[in-house]
Amino acid sequence: MSVGLFVSLHNESHPVMAEATFQAWLSRQEGVTVISAESPFSATVSVEEEKMDRFIDAASQLCSIRKLRTVKLL
Amino acid sequence: MPELRNVTIKTFDEKRRPIKSHVRLIVGGDFRDSPEPSHWHVVPSSIGYLGLRYQLVIEAHDEGYHPFRLEECTTDKEIILRKISEESIGWAERFVLGDRGRRKCNAIKIGIIDGYPPSSPKGLRHIAIAKWSNAKGPGVVSPDIMAHGVNVVNLVSNFLALGDGSDSDSERPEVVVYPVHCRTINGMQFLPIDVIEAALQAAVADGCDIINLSLGIEDDATDLVHGELVPFSRELLLAKSNNVIIVAATGNEVSEKVHLPANNDFVFGIGMLGLASEVTVGSAAERYMMEAERSIDFNRVADDPRFGRVFVAGAVGKGADFVFPGCGVCLVDNAGRPVEVSGTSFAAPIATAVLARVMSDMQLYVNGSMVRPSADEVWERVRGLTVRLGEEPWFATIRY
């Protein structure tokens, strides 16, 4: 199972960003699939549950992470 | 354990012509759908009793629409489905619009954020589709979500008499759809809130005067990650500072709280009412009516001297400002077929259309330029035309 997350870059000066763009860095993370890139600095991703802790450890230093919220048609 | 016997039922239209139908057999909390649409079905014989344990829901097969209602079930197990009559189409219109001749609505720009096909279907070619980024971006457009948006747009068009060719272009309001696409996670489709927020930003930037949101999210502030903004908060501030009216559906379940963004003070939160005589057997409207009757929070059923028994279904309470017809509302779809829709999703566009008319009537030319009324001024005007929810009598009707 995967979990939907919305991630947004908040630390552009992080050393990781010197090596790659945010989107490229995201796509290299294990167990992470970029579903859509809302902007160069934010994206909707799905993360495999077993890889979640590892992803959060790596990502929390350079971006904000929150649960993907979905609306329903009424 | 009694023996379960099967019978064959057949479905016909009112002229006794076989019509294909779907059948859903509900047994306790479980249900089973017929695999293919057919004009005959084999079902357990106890379906004749519409009790708690067994229920048979029959739906004419017509591309997902419901243009038939149950007329009778004969002793020969023939189910007669009657087409919704022309007379029953538009009770909501009569309920809301006393004077059909005063539907002009000049120079108002209405934005609708919803699912929508890549091009407007036949009958809605006068509706513009915004070229905003999500329309070109990734994602999927499911047929159900597209049908939802088409019905919402159709209601706005219907209530403002757009597309009938009677007005010149300069007299017509401009209706623009902001199509939204789903994301797929674990094989299921979702509409992320970020997409809706981005569409709201685009609609405000495009100069929309009124924006319709026939959607929502359960309000659970305790679920927010530290530092995370309440959903829609930036966009609603943006709309407020640009004097844009936001209309949003409150939610369909009696037990639910009013959804976000309808529960925001700035937003016109729209609940739904229905007319008992227009409820189709086995339809969503019937379920909503039964829930309204069972509700004990306040009396949701009353007799209207003009129309008969009226009920308020769905989410009301804090954040719900007005109720409009939204339960068992009929409209003519783009193929000329009668369609029945139910949900606060469909009450909201009726409110949007009425608010557009109110706004149009209130705008003034000052020194050659148009001055729009503020959202607060429109609010006060609508309050004067309606009875607000929570006051007696509680069901709101607009005689406009």
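Because the model is predicted, local features need pLDDT of at least 70 and side-chain atom pairs count only at pLDDT 80 or more, while totals for chains, interfaces and linings use all residues.

**Exercise 1. The build of chain A**

Find how many helices and strands chain A has, and in what pattern they follow.

Step 1. Helices (H or I, at least four residues) and strands (E, at least two) are DSSP runs, numbered from the N terminus. Chain A has three helices and five strands.

Step 2. Along the sequence, their pattern is β-α-α-β-β-α-β-β.

Step 3. Now pair the strands; two of them pair if DSSP finds at least two bridges between them. β1(A) and β3(A) run antiparallel and are joined by seven bridges; here A:Val7 has A:Ala43 as its bridge partner. β1(A) also pairs with β4(A), antiparallel over five bridges, and A:Phe6 stands opposite A:Arg66 in β4(A).

**Exercise 2. The overall form of chain A**

Work out what radius of gyration chain A has and what a compact globule would have.

Step 1. The radius is taken over C-alpha atoms, and the globule rule is 2.2 Å times the number of residues to the power 0.38.

Step 2. For 74 residues a compact globule would come near 11 Å; chain A has 12 Å, which agrees.

Step 3. The C-alpha atoms of chain A fill a box of roughly 45 × 25 × 15 Å along the principal axes.

**Exercise 3. Where the chains meet**

Describe the side of chain A that touches chain B.

Step 1. Two residues are in contact if their C-beta atoms, placed from the backbone, lie within 7 Å. In this sense, 18 residues of chain A are in contact with 28 residues of chain B.

Step 2. β5(A) gives the most to this side of chain A, with four residues.

Step 3. Look at the strands that cross between the chains. β5(A) and β12(B) (residues 188-192) run antiparallel and are joined by two bridges, and the bridge partner of A:Val71 in β12(B) is B:Leu191.

Step 4. β11(B) and β12(B) run antiparallel with three bridges between them, and B:Arg183 stands opposite B:Phe190 in β12(B).

**Exercise 4. A helix with a buried face**

Find which residues of helix α6(B) (residues 284-294) are buried, and where they fall around its axis.

Step 1. A residue is buried if 20 or more other C-beta atoms lie within 10 Å of its own, exposed if 12 or fewer, and partly exposed in between, with C-beta atoms placed from the backbone. In α6(B), the buried residues are B:Ala285, B:Tyr288, B:Met289 and B:Ala292.

Step 2. Seen down the axis of α6(B), these buried residues fall within an arc of 100°, so they line one face of the helix. The arc is that of the directions from the helix axis to the C-beta atoms.

Step 3. Recall that an α-helix has 3.6 residues a turn, so residues three or four places apart point the same way.

Conventions: Residues numbered from 1 in each chain as written. Chains lettered and ligands numbered in written order.
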